[in-house]
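Please work through the exercises below with the sequence and the model open beside you. Try each task before you read its solution.

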Amino acid sequence: MSLSYAYYPGCSGLGTSLEYDTSTRALCRSLGIELVEIPDWNCCGSTPAHAVDHLLSACLVGRNLGIADDMAEERKLDGIITPCPSCLKNLKTTQHRLADPEFHRKVELVVGRTLKAELPIKSVLQVVVEDLGIQALAKLVKEPLKGLKVVPYYGCIMVRPPQIMQFDDPENPMALDNLLAELGAEVLPFPLKTDCCGASLGTTRKDVIAKLSGRVLDAAEEAGADAIVTACPLCQMNLDMRQSQINRANHSGHNMPVFYYSQLAGLAAGQGETSTMLDKLCVSPRPLLAALAGHTGEGA
Amino acid sequence: MNIGVFVCHCGSNIAGTVDTEAVAKAALGFREVVFATDTMYACSEPGQAGIVDAIKEYDLDGVVVASCTPRMHEATFRRTLERAGLNKYMFEMANIREHVSWVGKDKEANTRKAGELVHMAVEKLRRNDYLQAGEFEINKRVMVIGGGVAGIQAALDCADGGLEVILVEREPSIGGKMSKLDKTFPTVDCSSCILGPKMVDVAQHPNITLYTLSEVDSVKGFVGNFDVTVRRKAAYVDWDACTGCGECTTKCPSKKTPDRFNEFIGTTTAINIPFPQAIPKKASINADACIKLTKGKCGVCAKVCPTEAIRFDQQDELVTEQVGAIIAATGYDLFDFTKYGEYGGGRYPDVITSMQYERLLSASGPTEGHIKRPSDGAEPKDIVFIQCVGSRDKSIGRPYCSGFCCMYTAKQTILTKDHMPDSQSYVFYMDIRAPGKNYDEFTRRAMEEYGARYIRGRVSAIQPKNGRYLVKGADTLLGQQVEIEADLVVLAVGAEAAKGAGELAEKLRISYDPYGFFLEGHPKLKPVETNTAGIYLAGSCQGPKDIPSSVAQGDAAAAKVLALFSKDKLASDPQVSGVKLVRCIGCGKCESVCPFGAIEMIDFRGMTKASVIETVCQGCGVCTAACPQGAIQLSHFTDNQILAEVNTLCL
Ligand SMILES: Cc1cc2nc3c(=O)[nH]c(=O)nc-3n(C[C@H](O)[C@H](O)[C@H](O)COP(=O)(O)OP(=O)(O)OC[C@H]3O[C@@H](n4cnc5c(N)ncnc54)[C@H](O)[C@@H]3O)c2cc1C
Ligand code: SF4
Ligand code: SF4
């Protein structure tokens, strides 16, 4: 089975989370999932647009959906995928809202074209876990992540709201848990796996981030994790880039690497640190990985 | 035929939007109508007297009343006719309240429609027959299904009233949920001390036959004459021989068997007696856990049993009982608390259900009445109770209130303080529903005397933290988020219909609501009857109820049965189907569609013909619609009568 998708990287994928986009493309390539980037895509409005105006938000997304419609006329596509849960939520919400004919008409009027918006929309994580099946990862793993203790962090929107996202259990999702276990990591139970990190409030209310993301870091530490694994560029940024700010605000001393799951998949596949862009992380995972290598070296 | 028409005002219910006088006037123009009038309340004493007088004065042969629903008053007016010396089936009702005045506001259109309905009724009445009710004998035995407190009460009342009672319970012992409770609100008296003696009475009553570990397999027949087949499940122990000495249970090596009676807190042995006060006090083997039955080895119990009662080859047994009435008292089940993923029920060991907590409180429970956390056996200090788990929540398909959780949560906070004076209870609630006698006083005592801290709001999530639990919620009175650290969380799980309630309802041919609770005959006026004659309801099978209400309904159901059995014969309803043998081609379509099994195929002079068992027929008319020959007719609703009504309206 070969799968082919219209790929929506989202704007963070080309900026703050370049490493997520790069490692995601690499992961898909090695799993045989073809990604065809949506040409001339635009920002979906990210987290703020929908809070301001539903029509604006739907139109920003609508244009991208329209281009994907055109792509689907030319070639066989299994759907639209994106690594970013926030983009995903905007895509899926818009698709959901377009089911209302009145709203649909308005969006078409603004975008200036007709829209079908019928392609299934999924996250890369969902495609890997559901469409391909986790077993497919087994073939990929050359250097299992033995001894690496991780907690999976889904963030609050990867599986919610459930009526729209229709993926995994909204309260206790297991997709990432199972995937990481398949990569050989030791996955610890993580009660805060779907809590909010504070999302885009980082620019306006740092205190909120310090509280919410701080809590996630505390819980990861308490669970005994070496690292947190995310699937969301915003979560990753709040936990990683702002970790020192959070430490300062909360008088804590976290030094907890925050990986994208795709980076760890790359590592397990033997793609090495450079191609998985581990150097882009703010909290350096090097000492951790070195310790692990040393540990396994001793054991072997 | 002389027909009289009475158009009722029903106060302003009908007269407000229907010109009743005009309807009566119009009726005078219908064929064979010799008298028509409007009347204030046709069902009242003067109203009925007016009908009797008119029958005499105008020598009426039949009467049409245009008023409200026949469900309420058809019987009333038929009795009126009888009093005036007419056959009671020479009566028709036009429902101009529910079908006209309550649904439309246009007086002119309403008046026209009411006239048409009356006209249809007149045309039907012109074709009515003098029907005569037959009589049949009744079997004065009663079956009670479900041995919870409601079923026990009903069984004892019937037995004391001299009836022979068969009590069928699917668990190994009677007692139901109440036997698992520690103390009961609002008096905080010991549950087993008030229930235990009643259970013993059941065992000792000469009129009661007790079948535990049994379920109803099939039900045939009708009021006065039911045949109920009961499946007595294998206990793998000969209960005639077993003395309940418990020797086997102490020696059984399969000690990790999940303990159903203790709500899976703690374990028991594969052969066990569920609890010390069990009735009957007999051992039974859990086939899934028994080493002998699963692997063929062991057999220790058989060796130690002093009366040689163990029977590994025992099979289920079917017994058929003839009874004249049935009381369903199958109670409720508890909501599956794992459905709230955010509360971590099933994942977090110290997030437990209210019933599990009840077992922890109980002196005969797995911890001998000491409150211990399941995870480490430590005594908890801060305990959070969350109400409405599986109640009043549309998102999980349980929009109804379970009725007793507010009360038992208050009880549990009081008992908690009694057991551990330095503990602190917190209760998250939506609002407190305590309408019973002494109930509000009781919940107040929990707050004011026992210091339980009540917080109005739902809990959003429970998360483990440093070996305790962080309970995150909202205080909607303060408009603030709150977080409480707890050692133990107790979920006040709501009630849902007992497992298999729907299947049982179908066997009994009674209705049930979308949630599986059995439907009463009328929400206000027939609270213990069902729509199937001879079948009654008691306790929580009809909707969540506390013990006082369950017991009261058990009493009421027994009273209904005793009243039914106070006659030796019952009148049969003549409004049943009948087969015209010459027309019947014996295709059997009617037999296959009849929902009550009221039609049998017989041999008539070498030909197959349908035949109606009149006492079973409920007069639903499905067969008459299915018959390709028009051979089977429902008396009082014949094809001719229905067509006359249609023609009146359409031609
Ligand atoms: C935690 C908790 C605490 C409570 N505390 C109190 C309290 O303090 N005071 C109070 O007034 N109320 C209390 N209640 C409510 C109380 O449990 C009920 O009012 C009472 O049990 C209802 O009795 P019942 O006979 O209708 O149902 P049940 O007790 O449920 O009995 C029904 C019986 O029918 C049997 N049965 C079910 N289906 C079948 C079948 N198909 N065939 C044969 N048998 C069947 C069951 O096994 C059971 O034995 C509490 C409830 C809970 C959950
Ligand atoms: S045969 Fe079964 S019930 Fe009897 S002692 Fe062995 S395990 Fe227990
Ligand atoms: S359906 Fe009609 S014709 Fe057929 S067996 Fe029944 S009564 Fe006779």
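Predicted model: local features only at pLDDT ≥ 70, side-chain atom pairs only at ≥ 80, totals over all residues.

**Exercise 1. Classify the ring pair formed by Tyr20(A) and Tyr260(A), and explain which parts of the chain the pair ties together.**

Step 1. A pair of aromatic rings is described by the distance of the centres and the angle of the planes. The count comes to 18 aromatic pairs over all chains, and one of them is formed by Tyr20(A) and Tyr260(A), with 4.2 Å from centre to centre and 5 degrees between the planes.

Step 2. Because planes under 30 degrees apart count as stacked, the pair of Tyr20(A) and Tyr260(A) is stacked.

Step 3. Tyr20(A) belongs to helix α1 (residues 18–31) of chain A, whereas Tyr260(A) belongs to strand β8 (residues 258–260) of chain A, so the pair ties together parts that are 240 residues apart in sequence.

Step 4. Tyr20(A) has a relative accessible area of 2% and is buried, and Tyr260(A), at 0% relative accessibility, is buried as well. Together with Tyr261(A), Tyr20(A) and Tyr260(A) form one aromatic cluster.

**Exercise 2. Find which rings have Lys124(B) and Lys177(B) over them.**

Step 1. Lys124(B) lies over the face of Phe637(B), at 4.2 Å from the ring centre.

Step 2. The charged end of Lys177(B) sits over the ring of Tyr332(B), at 4.5 Å from the centre of that ring.

**Exercise 3. Describe the hairpin of β25(B) and β26(B).**

Step 1. Strand β25 (residues 468–475) and strand β26 (residues 480–486), both of chain B, pair in the antiparallel sense over seven bridges.

**Exercise 4. Describe which residues surround ligand 2.**

Step 1. Ligand 2 is surrounded by 14 residues, of which the closest are Cys252(B), Cys290(B), Ile291(B), Cys298(B) and Cys301(B).

Step 2. The elements that give two or more residues to this shell are α10 (291–295) and α11 (300–304) of chain B.

Step 3. Sorted by class, the shell around ligand 2 has eleven nonpolar, two polar and one charged residues.

**Exercise 5. Describe the two stretches of chain A that carry the annotation "domain: Cysteine-rich".**

Step 1. According to the UniProt annotation, from an unreviewed entry, the stretches are residues 5–92 and 153–240 of chain A.

Step 2. Over residues 5–92 of chain A, the chain is 57% helix and 14% strand, with the end C-alpha atoms 15 Å apart.

Step 3. Over residues 153–240 of chain A, the chain is 43% helix and 8% strand, with the end C-alpha atoms 13 Å apart.

Conventions:
Residues numbered from 1 in each chain as written. Chains lettered and ligands numbered in written order. Heavy atoms only, no water. Pairing = 2+ DSSP bridges. Helix = DSSP H or I, 4+ residues; strand = E, 2+ residues; numbered from the N terminus. UniProt positions renumbered as here; feature names shortened; annotations may be inferred. Near = heavy atom within 4 Å. Nonpolar A, V, L, I, M, F, W, Y, C, P; charged D, E, K, R; others polar. Phe/Tyr/Trp six-rings, centres within 6.5 Å; stacked < 30°, edge-to-face > 60°. Buried < 20%, exposed > 50% of the residue type's maximum accessible area, 1.4 Å probe, protein only. Lys NZ or Arg CZ within 6 Å of the ring centre and 35° of its normal.
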